[in-house]
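Please open the model in your viewer and keep the selection panel at hand. The stops below take you from one selection to the next.

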Amino acid sequence: MKIDLTDTTASKINKALVEGRRAIGTPAVGMVLTMVIVTDEENAYDSIKAAEEASHEHPSRTLVVIKRHVRTPRDRTNSHLDADVRVGADAGTGETVVLRLYGEVSEHADSVVLPLLLPDAPVVVWWPVDAPEVPAKDPLGALAQRRITDMYAVEAPLAALEARAASYAPGDTDLAWTRLTPWRSMLAAALDQARTKVTSAAVESEAENPSAELLARWLEARLQVQVERVVTAGPVVTAVRLGTKNGEIVIDRPEGPLATLSLPGQPSRTLALKVRSTSELIAEELRRLDADEMYAVALRGDDTGGEESRA
């Protein structure tokens with residue numbers, strides 16, 4: 001069910017949500033969080049689709065904030081709010097409200113979003129593109145327990161990584177880090193099997209890959225070795241090599257969804273290591289909403305300062 005509201009208010013949107021749920025017989029009590037997506041028209045469709053797919057695992061109210069750019073001084077004085085309210089099958093397993101902000105109201109998006117948050121439920125803010133320099137100090141980011149950015153969406157991802165390291169606050173995370181979960185799990189399992197000290201390491205990836213840099217920093221922090229960065233044709237991270245006195249531990253994924261794991265003295269084996277969709281990454285991030293301390297470690301490149309990251 002879809003309800004279009006023109007030149008509306010937050011109270012009218014809330015009323016439309018209640019009427020929509022009543023019309024299709026869907027209660028709001030099953031929703032576990034509010035997801036706020038701050039995006040533009042170009043990326044809105046893909047972001048909404050990813051959030052709706054993730055809502056099958058995490059039923060939520062999704063608020064999509066689109067700040068429309070004004071073209072003339074007259075438009076700046078024409079401040080109003082349009083909304084597209086979706087409930088039922090049109091919104092995954094939750095509710096979706098697409099908010100289009102015009103004029104001065106676009107500078108106060110938090111005042112529009114605040115009355116629409118589910119009461120007594122966590123808030124997650126996701127910037128698919130154009131994230132603020134300091135997400136925790138952004139007016140919308142300040143409402144959230146979890147703030148999700150994506151360094152893949154910027155022109156200079158490694159520069160963005162340094163900015164994220166400088167501005168990190170508990171609750172921040174990035175999809176460049178989420179993409180590494182299968183790699184980190186397999187590396188941890190491989191080291192458990194090998195039971196030997198790592199003396200050298202290398203991460204192979206395409207150039208300017210933020211996930212590869214985070215992986216290298218995480219390995220440096222956890223293994224206390226210098227990690228070599230090796231540029232390949234990609235796509236994304238293609239291999240990790242860990243040197244030991246018994247030989248190399250290698251996870252190699254040159255392309256496709258399969259990787260090869262090689263351990264000293266053991267036959268090679270094939271592992272599933274596909275590039276996951278955005279909806280899968282968002283669903284993973286919504287499984288835990290506390291501070292991601294390992295992300296903070298990877299940003300810093302060392303395993304010290306844990307207390308400061310929690311301060």
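The tour visits a pocket and then several salt bridges.

This is a predicted model, in which local features need pLDDT of at least 70 and side-chain atom pairs count only at pLDDT 80 or more, while totals for chains, interfaces and linings use all residues. Residues are numbered from 1 along each chain as its sequence is written, and side-chain values use heavy atoms, with hydrogens and water left out.

Begin by selecting V38, K67, H69, S106 and E107, which are the closest to the centre of the largest pocket among the 23 residues that line it. A pocket here is an open set of points on a 1 Å grid over the protein atoms alone, where a 1.4 Å probe fits, with protein on both sides within 12 Å along at least five of seven lines, and lining residues have an atom within 4 Å of a point.

Next, select E95 and R21, whose side chains meet in a salt bridge at 2.6 Å, N to O (a side-chain nitrogen of Lys or Arg within 4 Å of a carboxyl oxygen of Asp or Glu). Because E95 lies in strand β5 and R21 in helix α1, the pair ties together parts that are 74 residues apart in sequence (helices, H or I, of at least four residues and strands, E, of at least two are DSSP runs, numbered from the N terminus). Both residues, E95 and R21, are buried, meaning under 20% relative accessible area with a 1.4 Å probe and protein chains only.

Then move to D172 and R147, another salt bridge, with the closest N and O atoms 2.6 Å apart; both D172 and R147 are buried.

Finally, select E162, E213, R217, E220 and R229, which are linked in a network of salt bridges.

Key
Buried < 20%, exposed > 50% of the residue type's maximum accessible area, 1.4 Å probe, protein only.
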